[in-house]
Amino acid sequence: MSYCQKRLFTLLAVCILALTAFAAGFGIGRHVLPYSRSPSSAGDDEIQGQFQIFWQAWDLVEDRFYTTEPLNTQEMVYGAVRGMVESLGDRHTVFLTPDQADLFRDDLEGEFGGIGVTVAMTQEGWLRIVKPIPDSPGERAGLRTGDVILEVDGTWIRGMDLVQAISLIRGREGTEVRLKVRSPDGQEAELVVVRAQIEVPTTESRMLDQGVGYLAVYDCNSLAPRGVRAALDDLLRNDPVGLVLDLRGNPGGYLHVAKDIANEFIDDGLLLIERDSSGHETTHRASRGGRAIDIPLAVLVDSASASAAEIIAGAIQDNARGMLVGTTTFGKGSVQVTERLSDGSALQLTIRRWYTPADRLIEGQGLIPNLQVDITEEDILAGRDPQLERAIAYLLAGPA
Amino acid sequence: MKTRRFVAMLMSVALAAISFCGGVSVGWQKSVLGHHSGQGHDIEGFAVFWEAWDRLQQLFWFPGALDCRKMTYGAVRGVLASLNDPYSVFLEPAQHRSDSDRLQGEFEGIGVELVFREDIVLVSSVYPGSPAKEAGILPGDSLMSVDGTSTAGLPVDEVQVLIRGPVGTPVMIEVQRDAASSLILTMKRQRIEVPSLAWRLLRPGVGYLHIRTFTDRTPTEVARALGEMNANNVQAMVLDLRGNAGGTVEAAVGVLGQLLGEGVAYRELGKDATETRYPVPFNSQAVDWPLAVLVDAATASSAEIVAAAIHDHERGLLYGQPTFGKGSVQAIFPLNDGSSVHLTVARWLSSAGRALEDLGLLPDVVLESDDEQAEDTVLQAALNDLQRCLTYSTTSRPCSSLYGLHTVRDG
């Protein structure tokens with residue numbers, strides 16, 4: 001081999017080495033690295049083939065759509081996710097924008113930084129104060145029922161949706177928020193409110209005249225188990241003849257919270273069974289050591305008792321631990337998880353079905369109370385509660 | 001020499017390492033941006049879409065595999081929904097086919113109209129002379145199956161896809177007339193034309209043309225109707241566009257050619273604020289009769305273009321209720337798999353430059369048409385004006401002049 005040949009050979013070898021290295025890198029880069037950012041499910045090419053028409057449509061919108069404002073790519077991407085999710089036809093599987101996801105998390109946690117007023121959107125697109133929580137920063141600053149919030153920190157509320165508006169008002173404890181408010185008499189004022197940690201009341205308890213303990217749980221959020229335990233300790237000190245657990249209007253919350261609460265009433269029974277779509281089963285049993293496992297129990301339910309609240313009621317009914325009193329429950333027998341996505345948005349999706357201890361699926365059916373008692377509009381106006389009265393009568397008569 | 005060798009080796013290794021990293025980078029980009037986002041789309045923030053897609057594939061409670069086609073359609077629908085434009089919509093293949101049949105004014109089938117009522121596909125009407133009519137299908141029959149495929153749970157447009165097919169091919173239809181029995185009828189598909197208009201003589205010299213919708217065939221149908229009216233010595237015409245929601249703009253322009261003969265049909269305001277004027281096709285044979293145009297709140301889109309142009313050219317007055325006010329133009333873009341996107345691509349203005357979005361056209365003679373009453377008061381008012389105009393017109397004040405029309409009305 002001459003010197004030139006040798007040089008050439010070396011150069012060639014180096015080139016081949018470089019090419020091989022590049023190819024190896026390319027392969028890894030293409031197939032291994034982006035795994036989590038691409039459709040990782042099987043039939044990748046098939047999905048891409050199917051997905052061609054999406055890009056055709058996307059290009060058409062970018063090139064041809066008549067609009068006087070620039071296209072909002074963010075909204076288009078969120079629209080695509082929302083539409084894809086809606087195509088599954090499950091109303092409990094939904095896409096949440098970052099604002100919605102934060103709000104949803106706050107509500108499940110039961111506490112957040114805010115001013116402590118419940119609000120609703122008016123027809124005109126303003127924010128109306130429905131009720132200030134007593135002694136909240138909002139109430140102390142002078143916000144009253146019927147007041148309308150026009151601006152938050154100089155931003156007009158009009159044109160926003162409820163979630164966006166609430167997100168503006170909430171914020172870290174100790175920070176200030178400036179509100180422009182119009183009272184029902186037309187007076188406008190600027191208020192500066194210092195945000196505080198707001199805890200949404202989750203439980204309420206008291207001893208009733210007849211020696212019956214009453215415990216209402218409004219929500220199965222993270223704060224609920226603590227509230228239930230404290231309330232039970234309080235009530236049981238009075239040695240009640242029985243307990244009324246009021247789950248009316250409770251929309252549910254966390255599954256583990258439902259288990260925690262059911263645990264206080266059931267000793268070592270089955271609480272619920274979960275099944276995924278491949279039939280894989282998880283059973284949940286009560287642990288020992290609940291606070292109220294023997295005392296006569298009546299549970300108030302209505303058509304707004306849903307999800308986690310139905311888990312509690314179903315476990316009590318199937319373990320014959322107490323009577324359900326009221327009207328048929330909502331009937332939500334599915335379990336959701338909230339998966340945060342990389343930009344703070346989230347996917348709330350149904351992952352399993354749950355069944356009562358007696359293996360009943362309540363989806364679309366609800367739980368039928370042992371004692372069916374209606375409450376009418378007139379009852380509410382007259383301050384009567386026939387469902388509670390029926391529950392008390394049952395407890396005073398003594399279990400059969 | 002040893003050092004040189006060492007340096008060469010080091011350099012080779014470094015080169016290899018750089019090449020490797022370059023490969024990883026190019027491969028990753030190709031994967032994330034090219035391959036997975038499709039056709040070189042590099043859209044900021046699109047990663048969340050695939051994240052959501054993957055989570056659903058992995059976690060969603062669903063018996064069996066998820067339908068990727070349905071999810072893709074959902075995504076397209078969602079993108080269009082994000083535009084907040086009610087006219088920018090996605091049509092699945094079956095919907096697209098029945099929509100294009102509708103706009104063409106003809107299709108290959110058996111000649112039935114279907115409605116969906118209480119989970120059952122019902123025959124709502126049967127076209128005269130159609131294969132369905134000859135085979136004995138009656139309005140009110142429940143359509144149970146097509147070529148053995150049950151219609152249970154199918155939307156009307158999908159049933160239509162089953163029924164329609166090439167001319168001359170046979171199709172087997174099962175209908176149920178009463179609870180006890182069902183009939184199986186076989187018929188051969190034909191080309192079915194859906195008439196878009198009807199005309200009649202209101203009085204000697206006054207014609208009435210009712211255009212229900214603007215299809216590809218409408219200009220030809222109008223030409224035939226005008227010819228027949230001419231043969232009947234028509235000198236003035238009521239053009240009824242009430243309930244006409246539009247159709248294709250080409251058909252509307254074609255009709256204007258026969259009524260106006262020249263001028264501007266309408267103007268388009270494009271994406272980059274450019275204005276395009278669309279001419280009325282020149283036609284020296286266009287009719288010069290005075291026109292009275294009947295409109296209502298359902299008169300929209302192409303029908304508004306026709307009404308506005310007749311008004312702007314001072315060829316007729318408008319009678320009835322303010323029109324719908326659809327001032328945007330949609331283009332239909334077929335996609336690869338037979339589905340389509342209807343997209344708003346422009347605003348349109350009347351030939352004289354009036355904007356119609358939201359406002360609609362305000363009739364010269366605003367009249368409430370009362371469904372309770374047997375008499376069509378709007379038609380009656382238009383007819384009276386035309387009649388008076390014909391009676392009192394002179395050579396110096398021709399009836400065809402809009403001002404003439406006004407003078408007579410005021411007198």
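Visitor: Before we look at the sheet, when do two strands count as a pair?

Guide: Two strands pair if DSSP finds at least two bridges between them. In general, strands of a sheet pair through backbone hydrogen bonds, either parallel or antiparallel. Keep in mind that this is a predicted model.

Visitor: In which order do the strands of the open sheet in chain A come?

Guide: The order in chain A is β10-β11-β12-β15-β16-β19, six strands with mixed pairing. At the edges stand β10 (203-207) and β19 (371-372) of chain A, and each has a single partner strand, so one side of each is left without a neighbour in the sheet.

Visitor: In which sense do β15 and β16 of chain A pair?

Guide: They are parallel: four bridges link β15 (residues 297-301) and β16 (residues 323-326) of chain A. To find one of these places, look for A:Val301, whose bridge partner in β16(A) is A:Gly326. Helix α9 (residues 308-318) of chain A packs on the sheet and touches both β15 and β16 of chain A. The direction of this helix makes about 140° with that of β15(A).

Visitor: How many bridges join β3 and β4 of chain B?

Guide: There are six bridges between β3 (residues 112-117) and β4 (residues 120-126) of chain B, and these strands run antiparallel. Opposite B:Leu114 you will find B:Val123 in β4(B). The two strands form a hairpin with two residues between them, and in the turn B:Glu118 has a positive phi of about 45°.

Visitor: Now the interior. Which residues have the most contacts inside the largest nonpolar core?

Guide: The general idea is that in soluble globular proteins, nonpolar side chains tend to be buried together. Here the largest nonpolar core has 60 residues, and B:Leu256, B:Val293, B:Val306 and B:Ala307 have the most contacts inside it. Beyond its neighbours within four places in sequence, B:Val293 is in contact with residues including B:Leu239, B:Leu241, B:Ile310 and B:Tyr319. A second, separate core has 54 residues, among them A:Ala231, A:Leu272, A:Ala306 and A:Ile362.

Visitor: What domains does the assignment give for each chain?

Guide: Chain A is divided into domain 1 (112-199) and domain 2 (203-336 + 346-397), with their C-alpha centres 34 Å apart. For chain B the assignment gives domain 1 (107-193) and domain 2 (197-330 + 342-410), and 36 Å separate the C-alpha centres of these two domains.

Visitor: What is the average pLDDT of chain A?

Guide: The average for chain A is 88, and 88% of the residues score at least 70. Over residues 29-38 of chain A, however, the pLDDT is below 50. That stretch still has 26 contacts in the model beyond near neighbours in sequence.

Definitions and conventions. Residues are numbered from 1 along each chain as its sequence is written. Chains are lettered from A and ligands numbered from 1 in the order in which they are written. This is a predicted model: local features need pLDDT of at least 70, side-chain atom pairs count only at pLDDT 80 or more; totals for chains, interfaces and linings use all residues. Two residues are in contact if their C-beta atoms, placed from the backbone, lie within 7 Å. Axes are lines fitted to C-alpha atoms, for helices over the stretch in contact, and angles run from 0 to 180 degrees between N-to-C directions. A nonpolar core is a set of buried Ala, Val, Leu, Ile, Met, Phe, Trp, Tyr and Cys residues joined through C-beta atoms within 7 Å. A residue is buried if 20 or more other C-beta atoms lie within 10 Å of its own, exposed if 12 or fewer, and partly exposed in between; C-beta atoms are placed from the backbone. Domain bounds come from an automatic or database domain assignment. pLDDT is the predictor's confidence in each residue, from 0 to 100.
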